[in-house]
Amino acid sequence: MAETDHEKDNLAKVLAHAEELIKIPTVEAIAIMPDACPAGHSPGTIPVGGVAKTGNAIHPGMHSADVCCSVAMTNIGQVDPASAMDAAFDSTHFGMGGRPYADQVPVPEGIMRGFKSNTFLAPFTCEATAHFATQGDGNHFLSVGTLKSTGDTVIVTHHGSRKPGAMLYKRGLEEANRFMKDLGIHKQVPKYNAWLDYNSAAGREYWDALQIIRLWTRASHFSIHNMIAEKLGVGVFNDRFWNEHNFVFRRDGSFYHAKGATPSFRGFSADDQGKTLIPMNCVEPILITAHADAPNGLGFAPHGAGRNFSRSQHLASLSGRTAEEVISDEIGDIDFRAFNGKLDLSELPSAYKSAAKVCEQIDQFGLANVIDTIEPFGSIMAGEQYQPWKAKKRGLKPDAHPSAV
């Protein structure tokens, strides 16, 4: 539901992509979530906040390179949130690369065996180790908050499958485009919308790879949570669950490709506990929701409050104000930390859609049932990343850190 001129323009672009996407012969239905925004400039790219239902076809481009981007929650009980923030900052890892060798976290043996036995994943066992229990950059976060219902402190993490997932996506898309050539339709189907036939050997192998990368990502989330709990001396968890929102789900013989959409139907995964997480921004409560299985949403709900502006547009809108003024106005007393030392202003709440409006539309369209909320205490993000090649262009020393710039 668009209200402002900018939202109307945003929605028109999203629908233009959807109208092209529905022309792909495998696509049977599309749903657009309230937090949708266009992704990329090519016509027919699945929007963020989009769900595409297909028959026996798996489209790597429709779950995006951030395969299995997801959110996970662990309830650590009556623990001081400030202490939890300090333990979290010492435990997690953000940035473009993996953990330093001495700081790497062991990947469960069963998951590593899965990597080694799958032709799509076998080349990336080193990356699977280095990037395990890391969170990357962009809009990924680690949040500490308290349950509205009990006051218990909870840890919430948001990240995907990191470099192993990105490489899986790349190999899957290459294989899908080879399949398009075999069918003789590669000139009719955009490369980013190529697909694999689930009934083929490659299709089954790719599907198996997705399940392995899913287990890797789940373990990555909870390894970070476990490290935090260990630092705090917490040994028993009252509750923990997770859900992905960039993935391919199978239901009743069809495939549902979600790119920034939260599953809201029973049995979306083998470990479904009937609850999912929908974060908004660092100063708004995170929603804990029960499944609604709304037909108009193809059984999905929003994955948060999607971006209203690109990063460059948002930064331009902040011109004329100091970083300190912007942060003070938008963050207030939230303990907002940058892992790399300098806050990224393009990830502030004003870059995103109105959380209140998204919540209203979740209710209006019956997409999920809110059963509790996590009230925000603090949030950790990667922050503004130092990129030497950009510093050199600005005449800065290649080893200069952004906190000193």
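## Exercises on a predicted model

In the second largest pocket, β1 is the top contributor to the lining, with four residues. Keep in mind that this is a predicted model.

**Exercise 1.** Work out how much space lies in the second largest pocket and which residues are closest to its centre.

*Solution.* Start with the volume: the second largest pocket holds about 410 Å³ of space. Next, the lining: there are 19 residues, and those closest to the centre are Met1, Ala2, Met33, Pro34 and Gln361. Then sort by element: α1 (5-21), β1 (27-37) and α9 (355-364) each bring at least two residues to the lining. Finally, sort by class, and you get 10 nonpolar, five polar and four charged residues.

**Exercise 2.** Decide how helices α5 and α6 are oriented to each other: roughly parallel or roughly antiparallel?

*Solution.* Take the axes of α5 (residues 162-183) and α6 (residues 201-232): they come within 11 Å and cross at roughly 170°. Angles over 145 degrees count as roughly antiparallel, so that's what α5 and α6 are. Now look at who touches whom: the α5 side includes Leu168, Tyr169 and Glu175, while the α6 side includes Tyr206, Ile213 and Trp216. By class, this contact has nine nonpolar, two polar and two charged residues.

Note on methods
Residues numbered from 1 in each chain as written. Predicted model: local features only at pLDDT ≥ 70, side-chain atom pairs only at ≥ 80, totals over all residues. Heavy atoms only, no water. 1 Å grid on protein atoms, 1.4 Å probe; cavity = no way out; pocket = protein on both sides within 12 Å on 5 of 7 lines; lining within 4 Å. Points joined across faces, edges and corners; volume = space filled by probe spheres on them. Nonpolar A, V, L, I, M, F, W, Y, C, P; charged D, E, K, R; others polar. Axes fitted to C-alpha atoms, helices over the stretch in contact; angles between N-to-C directions. Parallel < 35°, antiparallel > 145°, perpendicular 65-115°, else oblique. Contact = heavy atoms within 4.5 Å.
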